[in-house]
Each structure stands twice: as structure tokens, then as C-alpha cells.
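Dear colleague,

Please find the structure below, together with its sequence. My notes on its salt bridges and on one of its sheets follow.

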Amino acid sequence: MIRIFSILLFLNLCFLAVDSVFGQTTLYSYTSGDWNTATTWTTDAGGTVLVGSQVPSAGDIVVILPSRTVSLSANITTTNLDITIQAGGFLDNGNFLFTQILVALRGQGIMRISSANFPAATVNSFVQPGGGTTEYYNSASFNMPSQALYNNLTIYLSNG
């Protein structure tokens, strides 16, 4: 009996070690707020209970829920992010950018960008038919990024 318990304990420790090395958390927007603020995020899929709040880290899946705006206040250097912007949700990059290639960018929400830095993604269904809306906004004209395909594109210049 002790031998079986020892084997089970060993296996549990192995699984915990593997999970901490290759762990992946799915984070949902709990409230509108800054990407780098832990309380913007929850592990509750409904986004109604603040549990497991943390800033997205390497390999995480990020879901921006409807009626929530998540804004970047600095460049995001995190690797292997998988981002979904659900319909009615907003990701406001402002002048900041994701410095690493995203694993995926998907959803039917709105991504707002005030620079020429469209995020690079290995899988990008956000710009495909049925995807989301990209809104470039600025006070004056600016160079468009090399991104050539958009599902929906809005350009808003506050100074005409």
C-alpha cells in the first residue's frame, strides 16, 4: 500500500512539474482596463467572478469578452499569446504593440490601433471573412502598416 501511495505521489509531482513548465492559462477580461493590470483578468469563463487574476504570461490564451475594453499602456513582450476578441469586445493597442509574433489572433470584436503596428500572428482569422474590425485612429494622417487584408477596416482621423 505504501509503495502504491509513493508511486501515485511521484506521478502527481511529475504532472505538476510538467504543468508548471508547459502551463497554459486561459484568461478572460473581467473588466475594462489595462492589459498589465492583474485585476483586468480572471480565469472565470463568464468574466463575472474575479478569480485567478494575473497578467497574461507566455503561452496564455487571452479572451476579451463583450462590453470590455482592454488597453495597452506599454509594448507587450510576452511570447506565444493566443488572443481572441469576442464580438462587442475591444482591444485598444494605442501607440503600443505586441513585439512577439502571436500564436493566434481571432474573433469578431474590434482592435483599435493608433500607429502603423498591426500585430503579426501565425494564425490570423481576425482579418479573414467573418472576423473582426480593425480601427486605425489618429489625429492626423499616418502610414498604413503592411497588413494588406482586413475583414472590416475603419480609419478615423480626428482632424479630418
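Is aspartate 82 buried or exposed? Aspartate 82 is buried, at a relative accessible area of 12%; here buried stands for under 20% relative accessible area, exposed for over 50%, and partly exposed for the range in between, using a 1.4 Å probe and protein chains only.

Please note that this is a predicted model, in which local features need pLDDT of at least 70 and side-chain atom pairs count only at pLDDT 80 or more, while totals for chains, interfaces and linings use all residues. Residues are numbered from 1 along each chain as its sequence is written, and side-chain values use heavy atoms, with hydrogens and water left out.

Salt bridges

Side chains of opposite charge can pair when their charged atoms come close. With a salt bridge taken as a side-chain nitrogen of Lys or Arg within 4 Å of a carboxyl oxygen of Asp or Glu, the count is three.

One of them joins arginine 106 to aspartate 82, with 2.7 Å between the closest N and O atoms. Because arginine 106 belongs to strand S8 (residues 102-107) and aspartate 82 to strand S6 (residues 82-85), this pair ties together parts that are 24 residues apart in sequence. Strands (E, at least two residues) are DSSP runs, numbered from the N terminus. Arginine 106 is partly exposed, at a relative accessible area of 30%.

Aspartate 92 and arginine 112 also meet in a salt bridge, at 3.0 Å from N to O. Aspartate 92 lies in strand S7 (residues 90-94) and arginine 112 in strand S9 (residues 110-113), so the pair ties together parts that are 20 residues apart in sequence. Aspartate 92 is buried, with a relative accessible area of 12%, whereas arginine 112 is partly exposed, with 21%.

Arginine 112 forms a salt bridge with glutamate 135 as well, the closest N and O atoms being 2.8 Å apart. Glutamate 135 sits in strand S11 (residues 133-138), 23 residues from arginine 112 in strand S9, and the pair links distant parts of the chain. Glutamate 135 is buried, at a relative accessible area of 17%.

Six strands form an open sheet with parallel pairing, in the order S2-S5-S7-S9-S11-S12. Strand S2 (33-34) and strand S12 (152-157) stand at the edges with a single partner strand each, so one side of each is left without a neighbour in the sheet. Two strands pair if DSSP finds at least two bridges between them. S2 pairs with strand S5 (residues 69-71) in the parallel sense over two bridges, and aspartate 34 stands opposite serine 71 in S5.

With kind regards

Notes:
Helix = DSSP H or I, 4+ residues; strand = E, 2+ residues; numbered from the N terminus.
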